[in-house]
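Please look through the sequence and the 3D structure below before reading the briefing. The notes after them are grouped by topic.

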Amino acid sequence: MRLSVAALSILLSLPAAAPAVEVPANTSPQTRACIDCHAIHTPGIVHDWLRSRHAATTPQAALAKAPLERRISAPEVAGPLGETVVGCYECHSRLVEQHQDSFEHMGRRINVIVTPEDCASCHPTEAAQFAGSKKANAWGNLELNPLYSLLVETLTSVKEADGTKLRPLPASPEAKWDTCLGCHGTRVEVAGTKQVDTALGPLTVPNLTGWPNQGVGRLNPDGSRGSCASCHPRHAFSIEDARQPYTCSQCHLDPDVPAWNVYKESKHGNIYEAREAQWNYEAVPWRVGRDFQAPTCAACHNSLLVDDRGKTVAERSHDFGARLWVRLFGLIYSHPQPKQGATQDLRNAEGLPLPTSFTGEPAAGYLLGSDAQEGRRRLMERVCQGCHSASWTQGHFEKLAAANRETDRMVKAATALMQAAWEAGLADQKNPFDEAPEMLWVRQWLFYANSLRYASAMCGAPDYAAFKNGWWSLTETLAKLAEKVRTGTSGKVSASSGAPASEPGGP
Amino acid sequence: MRLSVAALSILLSLPAAAPAVEVPANTSPQTRACIDCHAIHTPGIVHDWLRSRHAATTPQAALAKAPLERRISAPEVAGPLGETVVGCYECHSRLVEQHQDSFEHMGRRINVIVTPEDCASCHPTEAAQFAGSKKANAWGNLELNPLYSLLVETLTSVKEADGTKLRPLPASPEAKWDTCLGCHGTRVEVAGTKQVDTALGPLTVPNLTGWPNQGVGRLNPDGSRGSCASCHPRHAFSIEDARQPYTCSQCHLDPDVPAWNVYKESKHGNIYEAREAQWNYEAVPWRVGRDFQAPTCAACHNSLLVDDRGKTVAERSHDFGARLWVRLFGLIYSHPQPKQGATQDLRNAEGLPLPTSFTGEPAAGYLLGSDAQEGRRRLMERVCQGCHSASWTQGHFEKLAAANRETDRMVKAATALMQAAWEAGLADQKNPFDEAPEMLWVRQWLFYANSLRYASAMCGAPDYAAFKNGWWSLTETLAKLAEKVRTGTSGKVSASSGAPASEPGGP
Amino acid sequence: MRLSVAALSILLSLPAAAPAVEVPANTSPQTRACIDCHAIHTPGIVHDWLRSRHAATTPQAALAKAPLERRISAPEVAGPLGETVVGCYECHSRLVEQHQDSFEHMGRRINVIVTPEDCASCHPTEAAQFAGSKKANAWGNLELNPLYSLLVETLTSVKEADGTKLRPLPASPEAKWDTCLGCHGTRVEVAGTKQVDTALGPLTVPNLTGWPNQGVGRLNPDGSRGSCASCHPRHAFSIEDARQPYTCSQCHLDPDVPAWNVYKESKHGNIYEAREAQWNYEAVPWRVGRDFQAPTCAACHNSLLVDDRGKTVAERSHDFGARLWVRLFGLIYSHPQPKQGATQDLRNAEGLPLPTSFTGEPAAGYLLGSDAQEGRRRLMERVCQGCHSASWTQGHFEKLAAANRETDRMVKAATALMQAAWEAGLADQKNPFDEAPEMLWVRQWLFYANSLRYASAMCGAPDYAAFKNGWWSLTETLAKLAEKVRTGTSGKVSASSGAPASEPGGP
């Protein structure tokens, strides 16, 4: 780090003259030094932290709680880290040797990015569960799957008009970063250093690619995957934020994964929105009925829930699919959940990296068997039965099974029409995503079949399932696709027969 | 009910050892018995009830309030029902002789479903008003109207591709239940019994069709219609939930009835969202200005409102159309509100079960006359004038009248084009909903004309009316329809000339 | 004003008998008289005011605050206006000579509409900043720009079907008022008087055109422009409402300006929604971190922000573009912000009233130069750096620049295809908005390119940018447009070669 002498003297003199904020008593000297300046220069994050549990508790105090009440999973946190509150320096100085993004800052080595590997110092169980999840693998599940990365490339490439032909240029890192990798995560690498202008003069810092980003499957410069801040936003890192559906809704919304949209339309969402200011998002463990009277996303999918006697209704898991047996997100059909979080190596009967074949058969070896599915279903049923009878729950899940069957048939009809289009030469199968009939086919499975399944699964979004993005759209899309095949108009998007090959990775 | 001996001993021993929750002093012994187990097995609903007004008040205490402050409309509630708080047993044991869904449970007869007829024990006025509303008749208004039930069938049937033809299969009960009947209500009937797995072992319970469902016009197994829980969700059954727009928004939203969408865009919605945590949703009667400063859905449409002197501004009504004179929800044109809640028997000049003819003339004998309309309009104007001048109100409703006239003309243009398509053989009139030109015509009246009318009526959603689902879409749809007719492409959806006949009913 | 004797006696007797509400001690006698009646007849607005800062403070008390804490910008407020709370009469009686909308009411002259010119008595700095903004000029920017007013006319005109031709009728004042002018503002003029029915009998009041309306660029009957109530809704006129995004969201939402939609999807919106009940929207100045931990619209765009030492991070401005350098709202391409708020006189290289030419060159003389742009960018960066590092901010804005470049190229491809359609006679260039290929072209820049730019600018709405209204739609629209040109189908909307000429103005 290089600072002008003038700037340095401002830095050193100002805080001494007037410390801008009070810090907790057991704040480490290093963190105090961070805050002396940052309270002035980035007051937003300093106050966010000051109001956080990290600023109010030391790891050793956290370890004194009863096991079910603990928010920390390390059996012990030894040394100074255990004895001070969890401040700037405690998190931004971990494992500096592994951090390509560490740099000299005010006489200390500081990591720009705090990663799940760093958080694992105190939260190893959560980090390990997360590491095995589809979420932590979200970058590779997209970018290392040749079929999905072709969809990304086709989607985000600038097209030039050459007469009535459209010529795709290679997709830019920025376009992927603004879109798919915004949620899936970018690959953050250190490309040397750069100088930035700051209030204190020029500062030399690591030059990071794909930064800023907090996608849930981000590739970090310490070699780890993911971003805890995706769901526990900085610098509060709170369970309260993560338990509210607004957090999940950033990525899980229409048109492709409309969990948030259908939740709002459901009775669960109705009750949540009407009473959200009255509930307790802080209690650990989370007491069904006492703390909340209708579930948020976290309640059904990953929180530790207990009943009135303190008995566990559901274990906490940071593998967010741990209570799911069927994967609604059809690629291209509904199917049993995959056995592992990293899905790029799945192969269907046709050898393609898809969980099902074009005719709908699951890639069985890679997916949960029926016993494992049944076990998962029982975990979720126990959550439902915190409020609902066994008969209610059974009726609900039978309805979901019907929705899966029927949407799969509506996708099969679209697939058959698209294959007819290929055979008739109306579109070129090489890139199955870039011509008009193909885009209708993508709409059918990615937008409409998914929407109907989510609406059915998440306890009711009848209008969504009817007219918004469900049966109406499934029916209309089939009609349009049939008409295209019948009348022989293609609407080919690209001048070439496929999009340019794109290297996985970047930004 | 059959329980294993082991399960029964758990049941009997556990609560005795450690009652999981405290219940109010004047809880009936029967309800105490319910809660002893259910606090452990369904703690969510037990706590929801414990926080409710039903758990805090006996009917006789409720009757002691001044008339305008009462939430109970029975002149008296005699016997034990009046003297205990309103708990599990009080509601789930009413009128068991009428309840096909009652079953033996722990030595008592319990009804699975609590219906408006049961609630009428204490709330007879509300039940009677509701029974006469379009809401209570929502199942029949859809399923017993041959034209609308054909639309439901066409919408929700799986289509198979046979070459480029699409062959509809009969729509499943589950598909209707996930969609239209999610809001309109299913027909819940008892089809024998079934055995379900519970935490206490297998349990024999009534096997209900179309269950779970809380659609507002549900056909109940006691012969009654509707579900109070649609708007007063279990097990709080609160006025606070019902007064918040999140409740209404479950069914009244885009694309067909976008009341919620346009409310959010209006100044009323803006003020509500900015201040919702500060208002009093509990006060009965509801004091304009003191308790809230901008209306929610309930304020305009059905709540009892008083002014600063306690004088009634608007009477409470559970017929939610009681302050409405014109029906915006065009089927297919705007028209005077129907005289009665059950609309399946309306006949237009062409003999079809529609409130207007294809050329827009109202089915006069079935609809409000101008005096009755004027009376309804004055009721609503009094609500508006709780905040707005007479001049403001007049200007607003004149603008709405223009929106109705103009959207009707935009629908007429679409109807003319569709008739041209029929005459040219581009589509088959037999099923007017299943071919591409017809689906554009449905969009015109069901999505876009309705949207513009709601946007105009509900005090402003300019962008919605302009670009979202209003004028832009009305104009573009006409252009597409004209083009289809001109170029002679049909996009016929079904291989047969009509959808298969569907029996009204089910699930 | 004419009231029947009976009504007058009610008016005079009732309040004397029982004043409905208590008013603050230093309320003027005139305002007391207003409230005596209006507490009964419009209790909603009376209570809204009673809870407001205007009811709790006199201008002279407001002037006693430290400069940064002041919500009033007049150096002094002399006479009775300074000494009483700011009530009905204080605002509705200002500058009556200029107010065409003033009328005799209960013995005093009352203005129906309170305008920015009236508010300037106490808030002159805010009024002056606002007067120079695009917002205050929103009516003229639309209605006095011949190209944009043609778009308005084309959009909002009823079309009649004449065979397969569509014949547009002149757009009605009401249709424009329900749509574009709902946000941009109507022209409110006094067209004599009219009699309205009130609870007190008939009342003669000014007959106002285009009323009610609170569009941000409304033309007022005192000759001023705008409505402060657009963002400070009546009758609280609070800073708390204006600082919450629900206020801005009324006009800034999808599909054309989806600021609200992308904010909700961003991490900023996530944090706001999860914690909105806990923040301080009242503090002046607004303290970054202490009062809020993630920005609302106002924080980034116009509020006075200070750091932990009370030092100004950003000055307050009621010119809402004051911190913006690039205009995302592409008409038809992104471009430097215009130098002045009134944009109808801009001319591009082709002489059209657009900020860029059809090939994308900015109308340089009318737009900010690079130094001025750089100055604006630095203002915004200081806001960002209240929480984020310089490196983070730099990375973010580089990504935005890429999104602008790439969306401009996607619009250029659409423009090239539309020009090909014109040359092939598939559409008529005279009205560039009314035929099917042209409507696709409008979608490309007005809906999709704008959406992608907003998603990139406002810190992340990845799904919106990918599948909702961004890259997917940009790509699909190009494909449809290319197909239309290739296959030679036009989908002409109007029978005539252009929409009927429309006079700017009205309602």
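This is a predicted model: local features need pLDDT of at least 70, side-chain atom pairs count only at pLDDT 80 or more; totals for chains, interfaces and linings use all residues.

Residues are numbered from 1 along each chain as its sequence is written, chains are lettered from A and ligands numbered from 1 in the order in which they are written, and side-chain values use heavy atoms, with hydrogens and water left out.

**Salt bridges**

- Side chains of opposite charge can pair when their charged atoms come close.
- Over all chains, the structure holds 61 salt bridges (a side-chain nitrogen of Lys or Arg within 4 Å of a carboxyl oxygen of Asp or Glu).
- One of them joins the side chains of C:R275 and A:D48, with 2.7 Å from N to O.
- That pair crosses between chains, from helix α16 (residues 267-275) of chain C, which holds C:R275, to helix α3 (residues 43-50) of chain A, which holds A:D48. Helices (H or I, at least four residues) and strands (E, at least two) are DSSP runs, numbered from the N terminus.
- C:R275 is buried at a relative accessible area of 6%, and A:D48 is buried at 2%. Buried means under 20% relative accessible area, exposed over 50%, and partly exposed in between (1.4 Å probe, protein chains only).
- B:E483 pairs with C:K484 in a salt bridge, and their closest N and O atoms are 3.1 Å apart.
- This pair also crosses between chains, with B:E483 in helix α22 (residues 471-487) of chain B and C:K484 in helix α22 (residues 471-487) of chain C.
- Relative accessibility is 11% for B:E483, which counts as buried, and 15% for C:K484, which also counts as buried.
- B:R167 and B:D162 form a salt bridge at 2.0 Å, N to O. B:R167 is partly exposed at 37%, and B:D162 is partly exposed at 37%.
- A network of salt bridges links B:E374, B:R377, B:R378, B:E381 and C:D197.

**Two packed helices**

- Two packed helices are described by the angle between their axes and the distance between the axes.
- Helix α20 (residues 436-457) of chain A packs against α22(C) at an angle of about 150 degrees, and the axes are 12 Å apart. Axes are lines fitted to C-alpha atoms, for helices over the stretch in contact, and angles run from 0 to 180 degrees between N-to-C directions.
- α20(A) and α22(C) are therefore roughly antiparallel (under 35 degrees counts as roughly parallel, over 145 as roughly antiparallel, 65 to 115 as roughly perpendicular and the rest as oblique).
- The contact (heavy atoms within 4.5 Å) is made by A:M439, A:V442, A:R443 and A:F447 of α20(A) and by C:W472, C:T475 and C:E476 of α22(C).

**A loop residue**

- C:T343 sits in the loop between β11 (335-336) and α18 (370-384) of chain C, and C:T343 is buried at 7%.
- Not counting residues up to four places away in sequence, C:T343 touches C:K134, C:N141 and C:P338.

**Backbone features**

- The peptide bond between A:L331 and A:I332 is cis, with omega about -5 degrees.
- Another cis peptide bond runs from B:D254 to B:P255, with omega near 10 degrees.
- B:M106, which is not a glycine, has a positive phi near 55 degrees. B:M106 lies in the loop between β1 (102-105) and β2 (108-111) of chain B.
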